[in-house]
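I opened a new model today and kept notes as I went. Here is what I looked up, entry by entry.

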Amino acid sequence: MNNNEAESILRANFSISYNEYLLLIHIGENIRVSQVFLADGTKLTTGAISKILKSLAGRKMVQIKESNISGRTHVVCLTNAGKKLAAEATKLLENSFISFYENFESKTKIKEFDEQLTNIINKLIEYRTSKN
């Protein structure tokens, strides 16, 4: 399964994009995060982050507040609805991934899967390294 397939699943079942899902996950992994932190962790621009967050806030998935440290900085946290959607979307993607994996019929698909898995692992390593 690739990002486009995940996007299709998320849009069909939850009316969210893959990038919206990624932000929900990143926000959920932290108590409160800034837009800059999200941009660094997802490799999206701060402008794209701002647009996505406004959409998620309008749907009551996230809450955006001014930082106690600086009035120019905003922190973001998940609402209960955002936590629920992130959990349900993650479960559905996991099940879809398992189903995708279990239905392999050719070595070509296994090679493609291996390349995609390697790509995901490398992105996770890059993300974790950039946080340190």
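**Helix α2 against helix α4**

I began with a helix pair: α2 and α4 are roughly perpendicular to each other. This is a predicted model, so I am reading computed geometry throughout. I looked up the numbers behind that label, and the two axes cross at roughly 85° and come within 10 Å. The label follows because angles of 65 to 115 degrees count as roughly perpendicular.

Next I asked which residues make the contact between α2 and α4. From α2 I noted N19, E20, L23, L24 and I27, and from α4 I noted I49, I52, L53, S55 and L56. Sorting the residues of this contact gave me seven nonpolar, two polar and one charged.

**Helix α3 against helix α4**

I then turned to α3, whose axis comes within 9 Å of that of α4. The crossing angle here is roughly 110°, and α3 and α4 are therefore roughly perpendicular to each other. I also checked the hand of this crossing, and it is right-handed.

On the α3 side I found Q35, L38, A39 and T42, which meet T46, I49, S50 and L53 of α4. The residues of this contact divide into four nonpolar, four polar and no charged.

While I was there, I listed the buried residues of α3, and they are L38, A39, G41 and T42.

**The nonpolar core**

How many residues does the largest nonpolar core have? I counted 26, and those with the most contacts inside this core are L10, L23, L24, I27, L53 and V62. I traced where the core residues come from: α1 (3-14), α2 (18-28), α3 (35-42), α4 (46-58), β3 (74-78) and α5 (80-102) each supply at least two. The largest share, five residues, comes from α2.

Setting aside neighbours within four places in sequence, I27 is in contact with V33, L38, L53, V62, V76, C77 and L78.

Beyond four places in sequence, H26 touches L38, G41, T42 and Y127.

I looked at T90 as well, which sits in helix α5. With a relative accessible area of 21%, T90 is partly exposed. Again leaving out neighbours within four places in sequence, I found T90 in contact with Y21 and I25. I also took a C-alpha distance for T90: L10 is 80 residues away along the chain, yet the two C-alpha atoms are separated by 9.5 Å.

**The whole chain**

The protein chain has six helices and three strands, and from the N terminus on I read the order as α-α-β-α-α-β-β-α-α. Of its 132 residues, 31% count as buried. Last, I looked at contacts with a separation of 6 or more, and residues 24 or more positions apart account for 51% of them.

How values were computed:
Residues are numbered from 1 along each chain as its sequence is written. This is a predicted model: local features need pLDDT of at least 70, side-chain atom pairs count only at pLDDT 80 or more; totals for chains, interfaces and linings use all residues. Side-chain values use heavy atoms; hydrogens and water are left out. A nonpolar core is a set of buried Ala, Val, Leu, Ile, Met, Phe, Trp, Tyr and Cys residues joined through side-chain atoms within 4.5 Å. Buried means under 20% relative accessible area, exposed over 50%, partly exposed in between (1.4 Å probe, protein chains only). Helices (H or I, at least four residues) and strands (E, at least two) are DSSP runs, numbered from the N terminus. Contact means heavy atoms within 4.5 Å. Axes are lines fitted to C-alpha atoms, for helices over the stretch in contact, and angles run from 0 to 180 degrees between N-to-C directions. Angles under 35 degrees count as roughly parallel, over 145 as roughly antiparallel, 65 to 115 as roughly perpendicular and the rest as oblique. A crossing is left-handed if the near helix is turned anticlockwise from the far one by less than a right angle, and right-handed if clockwise. Ala, Val, Leu, Ile, Met, Phe, Trp, Tyr, Cys and Pro count as nonpolar, Asp, Glu, Lys and Arg as charged, and the others, Gly among them, as polar.
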